[in-house]
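Hello,

Here is the structure for you to look over. Please open it first, then read my notes below.

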Amino acid sequence: MMNTNGRRVSDSRIILTQAMGVTEANVLGNVHGGVIMKLCDEAGGMAAIKHARRPMVTVAVDSMSFHSPVHIGNLLTVKAEVTWVGRTSLETRLVVTSEDIVAGEVTHTNTAYYVYVALGEDGNTVEVPRLICETDEEKRLWEEGAARQALRLERRRQERPISIVNNGQ
């Protein structure tokens, strides 16, 4: 059954903020990239769930490049919103900043795109509501998201499964 209802980009927005401590960092005092990726996945997943109003699972991570380090004591903020929607999947844009709260300096550390797929009660994929883009910026992000999805699908078509050969051992 086709879901004709749509949701606005603003309906999915999430802001996740967390202070970075020694348990999140390496011996140089820089927060591990994996910690940041996990927080992005949490924020992106919540934005996806807010849009679809159902369980979502991560299926792809695009464009995760770190432009500057996050240090112990910084306040890390991840802003997430849905930017593109397909039939059963959607993309979230994650903008990560780090704030030195003593100096009051905010640094953009990275922007990433995560893709999620919606699951029904039986564990199979289900359709998600369409995305209502209200601003020129939201429409631009939609078009860019559609282009990224086309590239992801093309890469998937070109991937070859790896076969593991048992050499008689």
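The protein chain has two helices and seven strands. Helices (H or I, at least four residues) and strands (E, at least two) are DSSP runs, numbered from the N terminus. From that end, the order is β-β-α-β-β-β-β-β-α.

A word on the source: this is a predicted model, where local features need pLDDT of at least 70, side-chain atom pairs count only at pLDDT 80 or more, and totals for chains, interfaces and linings use all residues. Residues are numbered from 1 along each chain as its sequence is written, and side-chain values use heavy atoms, with hydrogens and water left out.

Now the whole chain. Its C-alpha atoms fill a box of roughly 60 × 55 × 30 Å along the principal axes. Of the 169 residues, 40% are buried. Buried means under 20% relative accessible area (1.4 Å probe, protein chains only). Take the contacts (heavy atoms within 4.5 Å) with a separation of 6 or more: 72% of them join residues 24 or more positions apart.

Next, charge. There are 19 positive and 21 negative side chains. Lys and Arg count as positive, Asp and Glu as negative; His and the chain ends are not counted. The centres of the two sets lie 5 Å apart, with each charge placed at NZ of Lys, CZ of Arg, CG of Asp or CD of Glu.

Is Thr88 buried or exposed? Thr88 is buried, because its relative accessible area is 13%. Beyond its neighbours within four places in sequence, Thr88 contacts Tyr116, Val117, Ala118, Thr125, Val126, Glu127 and Val128.

Best wishes

Conventions. Buried < 20%, exposed > 50% of the residue type's maximum accessible area, 1.4 Å probe, protein only.
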